[in-house]
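Please summarise the model shown below for a reader who works with coordinates.

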Protein chains: 2
Amino acid sequence: MATTKNIQSVERAFSILDLFQQAGKSELSVKEIAEGLHLNKSTAFGLINTLANLGCLQKDRSNQKYMLGLKLLSLASTVQTQNVIVLSVHPYLERLNRMYDETVHCAIRNGDGVVYVDKVDAGSIHISTQIGSQNDMHCTGVGKCILAYLPESTQERILSKHMRSLTYNTITNSHQLREELELTRRRGYAMDNEEISIGLSCVAVPVFSAPDTVACAISVSGMTVRIRTATERGLVETLKRTAAEISREVFDYDYRPQTD
Amino acid sequence: MATTKNIQSVERAFSILDLFQQAGKSELSVKEIAEGLHLNKSTAFGLINTLANLGCLQKDRSNQKYMLGLKLLSLASTVQTQNVIVLSVHPYLERLNRMYDETVHCAIRNGDGVVYVDKVDAGSIHISTQIGSQNDMHCTGVGKCILAYLPESTQERILSKHMRSLTYNTITNSHQLREELELTRRRGYAMDNEEISIGLSCVAVPVFSAPDTVACAISVSGMTVRIRTATERGLVETLKRTAAEISREVFDYDYRPQTD
DNA sequence: CTTCGCGTTCAATAATAAAGAACGTATATT
DNA sequence: AATATACGTTCTTTATTATTGAACGCGAAG
């Protein structure tokens, strides 16, 4: 995929922006950025200065530190009105929402985590997911769907990291998670069984864009009792059918689930 | 402000992303991008390829065109949880919302338009502004506040462009708008008097970060009748006081409105 | 079957970004 | 209060890198 070599300064510029996400700090100094990315101080400064002039970073006058700029907000808003995945998957999410009146998500992989790219809220309860927000793979339905089909080496890297525990149901053991991923592949869907928050469950399915290649994952989440009811009303089958439709109509890939 | 010279390739990379916003097209070919930015075809390709590898652009396999990538969504979400303006202005918006139960916005300048960076919804009616979305200066309260304090040359450039008419109240005449801006400066606030949508009005004030320098603008919007009532209940004064507070506490600038 | 258009690759050179040293300012230290 | 320190910023040089135009190849159109 990485055909031609990346342009160094562009790549570095974005890794500066990424650093704010990863570091989990809202303000970083020139020095911190330079050290964090192993860049020369003045090289870092040149990049930071450019990003600041473009509105992607802004300087806090009081302490000379930099933070992410508001320009990025406007870009994201354009993404939401222009990106095919968001645009063309959205109607399917709407339909799922209407069928079960639960919160519906669409997520993609981002590094070692997942990012929610679209969402339709339930009428009753609001789940506080923000579009664009990141979450872990090990504790989310969409995450498990995506993780289950990543190359083994990537899987192992992610599994080897510390997996934070959010509830007593969170799978934090790599052996157990490997089994869970195997189960996910076998049955074609993943569950979040109160692994993020007690009382909250979710059913998720992968959307394929090519054999064994997951483009995104969609999920239906809600209070555990309600998800249980929905499952009795064919939620899993509906989700699988929807995912296959999306594969075909959006990603132009005629996905046929393996029958065993 | 533009201290050191910007790094060319970084600047160009972002102007590619900007092009999608400006062109209003969701998909652009290498050729269109190259021509749109007066770049050599292979220079453009190198930048596009890098952006695509970073997830900021994605390629539509069916027609070889590119569109904005989902990576940008995750950056924006981080902005919302980290940026001082968003974070520190938000409580003031909340307070305004509680006082009048109307929709409250915070916007900044973006090029020749404004971008909404934060919003608190009213309980009753939902105004469909999206955070990050762009709007024109000539027909919004926040836009007039910002435009009124821009350097004259910039003002004139914006005024000279075609101003689209959204309702019969929209000011589309540059002479009339110049007077409106003069009025805004004199009385310290701007109104949108059903200029975007009939039935909808808004009162906006500029927030200064230095003399004659507007950092952002905040506004209260709602149905015209309700805004009228709120105005009788001191909305304008409350907004001005709030703006002064924000100037002081967020931008460390002790703003004193000129008394005449 | 041929031509055209456009995405992509390649190789050479011109231009640019990177680096280290130096400067200045703000803060911390004694 | 004086000195030291740390860090942001500027400057200049050089090596690296991005840019360029030409060439290639694929797909669509005629």
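In which loop of chain A does A:Asp212 lie? A:Asp212 belongs to the loop between strand 7 (200-210) and strand 8 (213-223) of chain A. Helices (H or I, at least four residues) and strands (E, at least two) are DSSP runs, numbered from the N terminus.

This is a predicted model, in which local features need pLDDT of at least 70, side-chain atom pairs count only at pLDDT 80 or more, and totals for chains, interfaces and linings use all residues. Residues are numbered from 1 along each chain as its sequence is written, while chains are lettered from A and ligands numbered from 1 in the order in which they are written.

**Backbone**

B:Glu194 sits in the loop between strand 6 (190-193) and strand 7 (200-210) of chain B.

**Sheet of chain B**

Six strands of chain B form an open sheet in the order 5-4-3-8-7-6, with antiparallel pairing. Two strands pair if DSSP finds at least two bridges between them. Strand 5 (134-136) and strand 6 of chain B are the edge strands, each pairing on one side only. Direction ignored, neighbouring strands of this sheet are turned by 35° against each other on average. Strand 3 and strand 8 of chain B run antiparallel and are joined by 5 bridges; B:Thr103 stands opposite B:Ser221 in strand 8 of chain B.

Helix 9 (residues 224-232) of chain B packs on the sheet and touches strand 7 and strand 8 of chain B, its direction making about 115° with that of strand 8 of chain B. Axes are lines fitted to C-alpha atoms, for helices over the stretch in contact, and angles run from 0 to 180 degrees between N-to-C directions. From the other chain, helix 4 (residues 71-82) of chain A lies across strand 3, strand 4 and strand 5 of chain B, at about 90° to strand 4 of chain B.

The contact takes 48 residues from chain B and 48 residues from chain A, where contact requires C-beta atoms, placed from the backbone, within 7 Å. Helix 4 of chain B gives the most to the side of chain B that touches chain A, with 9 residues. That side divides into 24 nonpolar, 21 polar and 3 charged residues. Here Ala, Val, Leu, Ile, Met, Phe, Trp, Tyr, Cys and Pro count as nonpolar, Asp, Glu, Lys and Arg as charged, and the others, Gly among them, as polar. Because 98% of the interface residues of chain B are also interface residues in chain A, the copies meet through the same surface.

**DNA strand C**

Of the 21 residues around DNA strand C, A:Asn40, A:Ser42, A:Thr43, B:Gln8 and B:Ser29 come nearest; a residue is near if its C-beta atom, placed from the backbone, lies within 6 Å. Helix 3 of chain A provides the largest share of the surface near DNA strand C, 4 residues. The residues of this surface divide into 5 nonpolar, 13 polar and 3 charged.

Technical notes:
Contact = placed C-beta atoms within 7 Å.
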